[in-house]
Amino acid sequence: MLNLKTPPMGWNSWNTFGSDINEKMIMETADAMVDLGYKDAGYEYVIIDDCWAEMERDSEGKLVPDHNKFPRGMKYLADYIHQKGLKFGMYSCAGYKTCAGYPSSYGHEFLDAKTFAEWEVDYLKYDFCYFPKSGNNQNAYLTMSLALKLSGRDIVLAACNWGSDDPAKWMNSVGAGTYRSTGDIFDVPKSFTDIFENQWDNCKNVPGCFNDLDMLICGMYGKGHVGVKGCSDMEYTTHFAVWAFMGSPLIMGCDIRNANEFTRNLLQNKELIRINQDSECRPPFRVCNYWEHGYGLARILDNNDYAVLLVNLHDKETKEQVYVTLDDLGFRTASNSEMEIIDVVSGENLGTFNDCLNVMLEKNECRLLRIKVKPANG
Ligand code: GLA
């Protein structure tokens with residue numbers, strides 16, 4: 001069964017909390033998802049990343065939640081999260097240890113999938129550390145995918161293999177719902193701009209399987225586990241707009257219990273989320289490519305509007321011009337066709353254009369546009 005029709009939206013513990021996780025913080029985060037408007041905006045998965053387990057399996061070989069961090073176990077948490085109308089995500093790894101050195105699923109796939117199903121898990125992030133040299137990468141994801149499918153519960157396989165063996169080519173075939181194609185994100189602009197630059201042409205999304213550009217750093221401001229220097233609000237806006245536009249899963253990584261108003265408004269921007277959740281899930285094509293780090297990309301949306309992303313990722317601090325023309329969108333400039341353009345982030349109606357729209361952008365700044373083309377003669 002296709003368990004993801006559009007990119008999943010949720011929150012994951014890793015970016016801010018690393019190994020410092022516990023039941024209380026997860027429950028408070030679930031509360032914040034509902035009370036602070038994230039659930040209404042579309043976020044549903046509450047995901048516990050690495051470091052949740054005891055170091056030893058039990059006498060039956062089952063994974064055991066850390067008794068201090070999760071004293072009432074995972075089914076208790078799952079019930080709490082489900083009763084709020086949210087879904088529950090957990091983490092394991094294809095190797096013989098998780099990335100942080102905890103027990104992992106290599107050789108235990110079917111038992112672990114059954115355990116996750118018993119705990120009523122809805123989403124499993126499946127990482128790639130300590131994978132045996134003799135092992136077969138694709139086969140490892142296939143095994144866990146089948147183990148989950150046969151577990152009796154509908155569980156999304158969120159594959160995280162950092163781009164090993166070109167996963168865009170095969171993750172859909174083995175049954176994954178999402179796949180990471182890059183190394184880890186950190187809370188500095190260069191981290192998210194590098195991910196975008198090496199992935200924009202590698203997002204071959206279709207309903208059911210999405211390239212995961214990694215968890216969002218919006219609102220971290222340099223604090224927390226992957227916090228480095230942080231980004232400006234303009235850069236967080238670019239980061240979120242790009243992830244939304246690319247059709248990436250939107251998995252928040254800041255402490256949403258305490259996020260400031262700017263972050264909340266950004267992460268809950270309805271129009272950005274609407275583009276991300278477009279029902280046709282089409283990948284983008286390039287529209288403006290006259291200089292190396294200035295990107296113009298367009299996506300056809302389900303109502304036949306275009307979403308157009310213009311972004312300046314040049315190293316220089318100077319402003320650069322990026323543009324989109326009617327010809328780029330498949331209409332002839334001389335035909336008197338018109339583009340009605342809305343700035344998606346601000347909601348501003350920019351008016352009607354019958355040739356092209358030029359924008360001057362600061363370094364790391366973007367404009368996300370919704371364009372309705374009115375063809376001449378009908
Ligand atoms: C890897 C993943 C991260 C995170 C850590 C946990 O580095 O890429 O997203 O899950 O492992 O140890």
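# Reading helices, a ligand site and loops

Trainee: What covers the buried residues of helix α4?

Mentor: The cover includes α2 (23-35), β2 (45-47) and β3 (87-93). Keep in mind that this is a predicted model.

Trainee: Which residues of α4 are the buried ones?

Mentor: Start from the general idea. An α-helix has 3.6 residues a turn, so residues three or four places apart point the same way. In helix α4 (residues 73-83), the buried residues are Gly73, Met74, Leu77, Ala78, Tyr80 and Ile81.

Trainee: What does the backbone do just after α4?

Mentor: Glycine 85 takes a positive phi there, about 80 degrees.

Trainee: How do I read α7, and which residues are buried in it?

Mentor: Read α7 the same way: list the buried residues, then ask what they touch. Helix α7 covers residues 189-199, and its buried residues are Pro189, Ser191, Phe192, Thr193, Ile195, Phe196 and Gln199. These pack against β7 (210-212), α8, β10 (294-300) and β11 (306-312).

Trainee: How many residues of α8 are buried?

Mentor: 12 of the 14 are, so α8 is largely enclosed by the rest of the structure. The buried run includes Glu235, His239, Trp243 and Met246.

Trainee: Serine 248 comes next; is it buried or exposed?

Mentor: Serine 248 counts as buried, at 0% relative accessibility. This residue is in the loop between α8 and β8 (250-252). Beyond neighbours within four places in sequence, serine 248 is in contact with Pro7, Asn211, Asp212, Leu213, Trp243 and Asn276.

Trainee: What are the distances from ligand oxygen atoms to aspartate 50, lysine 125 and aspartate 127?

Mentor: An N or O atom in the side chain of aspartate 50 is 2.7 Å from an oxygen atom of the ligand. For lysine 125, a polar side-chain atom is 2.8 Å from a ligand oxygen. The corresponding distance for aspartate 127 is 2.9 Å. The protein buries 93% of the 310 Å² that the ligand exposes when taken alone.

Trainee: How should I read the phi of cysteine 281?

Mentor: First, the background. Most residues other than glycine have a negative phi, and most peptide bonds are trans. Cysteine 281 has a positive phi, near 50 degrees. It is in the loop between α10 (270-276) and β9 (285-288). With a relative accessible area of 4%, cysteine 281 is buried.

Trainee: What is the phi of asparagine 364?

Mentor: About 70 degrees, again positive in a residue that is not a glycine. Asparagine 364 lies in the loop between β15 (356-361) and β16 (366-374), and is buried at 6% relative accessible area.

Trainee: Which polar contact does the side chain of serine 337 make with another side chain?

Mentor: For a polar loop residue, look up its accessibility and then its partners. Serine 337 is in the loop between β12 (320-325) and β13 (338-343), and counts as buried at 3% relative accessibility. Its side chain makes a polar contact with the side chain of serine 335 at 2.8 Å. A polar atom of the serine 337 side chain also lies 3.1 Å from the backbone nitrogen of alanine 376. Contacts of serine 337 beyond four places in sequence include Leu326, Phe331, Phe353 and Lys374.

Trainee: And asparagine 136: where is it?

Mentor: Asparagine 136 is in the loop between β4 (123-127) and α6 (137-149). This residue is partly exposed, with a relative accessible area of 47%. Its side chain reaches the backbone nitrogen of glutamine 138 at 3.0 Å, and a polar atom of that side chain lies 2.9 Å from the backbone nitrogen of asparagine 139.

Notes
Residues numbered from 1 in each chain as written. Heavy atoms only, no water. Buried < 20%, exposed > 50% of the residue type's maximum accessible area, 1.4 Å probe, protein only. Helix = DSSP H or I, 4+ residues; strand = E, 2+ residues; numbered from the N terminus. Polar contact = N/O pair within 3.5 Å; in protein donor to acceptor, adjacent residues only side chain to side chain. Areas by Shrake-Rupley, 256 points an atom, 1.4 Å probe, with all protein chains shown as cover. Contact = heavy atoms within 4.5 Å.
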